[in-house]
Amino acid sequence: MKVALAKHKAKLEKFAKEYQSKSCDNYLNVEEKRAFLLDNGIALWDVIASCEIEGSSDSSIKNVVANDISCILNSADIRKIFVNGKTAEKLFRKYVTLPEGVTFHGALASTSPAYTMPFEKKKEDWSRILAVLNRGKEEESCLRETRLD
């Protein structure tokens with residue numbers, strides 16, 4: 001398990017270095033981004049299906065229609081959820097009820113260019129995903145060892 005996690009960490013580090021060296025506009029095309037997500041077991045889902053918004057200002061969001069995430073949670077093996085930014089967290093908490101066995105781990109630093117936190121700080125915050133995955137693998141390993149006794 002530690003080898004698999006090290007492999008994922010190495011991929012994320014490589015991704016971060018490549019991302020830093022290029023602008024968002026020319027980093028990857030849609031198919032390359034899709035392949036990266038699929039290869040690494042990452043799912044993306046927007047909390048909002050539709051809303052009224054002025055420009056890209058989260059503070060102007062109103063008349064929200066939430067996406068129904070239950071269809072994906074009921075058909076895919078998703079156990080851990082993070083959201084991108086505080087607005088997504090607020091909306092997620094308001095509109096989403098998680099089934100048993102799925103854990104919400106809160107908001108990560110927004111990747112929006114409007115959120116001016118330095119890239120290194122955002123990267124550090126997003127590395128919490130690895131900590132949660134590492135903790136989950138350790139717990140699974142302990143459970144397996146306990147069952148074998």
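**A walk through the predicted model**

The protein exposes about 11000 Å² of surface, and carbon and sulfur atoms supply 54% of that area. This is a predicted model. Of the 149 residues in the protein, 21% count as buried.

The secondary structure comes next. The protein contains six helices and four strands. Reading along the sequence, the elements follow the pattern α-α-β-β-α-β-α-β-α-α. The contacts show how far along the chain the partners can lie. If contacts with a separation of 6 or more are taken, 42% of them join residues 24 or more positions apart.

One place to look is helix α4, which covers residues 86-95 and includes Glu 89. Is Glu 89 buried or exposed? Glu 89 has a relative accessibility of 13%, and the cut-off for buried is under 20%, so Glu 89 counts as buried. Leaving aside residues up to four places away in sequence, Glu 89 touches Val 83, Phe 104, Gly 106 and Ala 107.

Phe 104 also takes part in an aromatic pair. How many aromatic pairs does a search of the whole structure find? The search finds one. The pair is formed by Phe 92 and Phe 104, whose ring centres are 4.4 Å apart and whose planes meet at 20°. Planes under 30 degrees apart count as stacked, so this pair is stacked. In general, a pair of aromatic rings is described by two values, the distance of the centres and the angle of the planes.

Phe 92 lies in helix α4, while Phe 104 lies in strand β4, residues 103-108. Because the two residues sit in these elements, the pair ties together parts that are twelve residues apart in sequence. Phe 92 has a relative accessibility of 4% and therefore counts as buried. Phe 104 is buried too, with a relative accessible area of 19%. The value for Phe 104 is under the 20% cut-off.

A residue in a loop gives another view. Gly 41 lies in the loop between helix α2, residues 30-39, and strand β1, residues 48-52. Why does Gly 41 count as exposed? Its relative accessibility is 68%, and exposed means over 50%, so Gly 41 falls in the exposed class. The position of Gly 41 can also be described by its distance to another residue. Gly 41 and Ile 78 are 37 residues apart along the chain, and their C-alpha atoms are separated by 9.7 Å.

Note on methods. Residues are numbered from 1 along each chain as its sequence is written. This is a predicted model: local features need pLDDT of at least 70, side-chain atom pairs count only at pLDDT 80 or more; totals for chains, interfaces and linings use all residues. Side-chain values use heavy atoms; hydrogens and water are left out. Buried means under 20% relative accessible area, exposed over 50%, partly exposed in between (1.4 Å probe, protein chains only). Contact means heavy atoms within 4.5 Å. Accessible areas come from the Shrake-Rupley method with a 1.4 Å probe; for residues, only the protein chains shown count as cover. Rings of Phe, Tyr and Trp (its six-membered ring) pair if their centres lie within 6.5 Å; planes under 30 degrees apart count as stacked, over 60 as edge-to-face and the rest as tilted.
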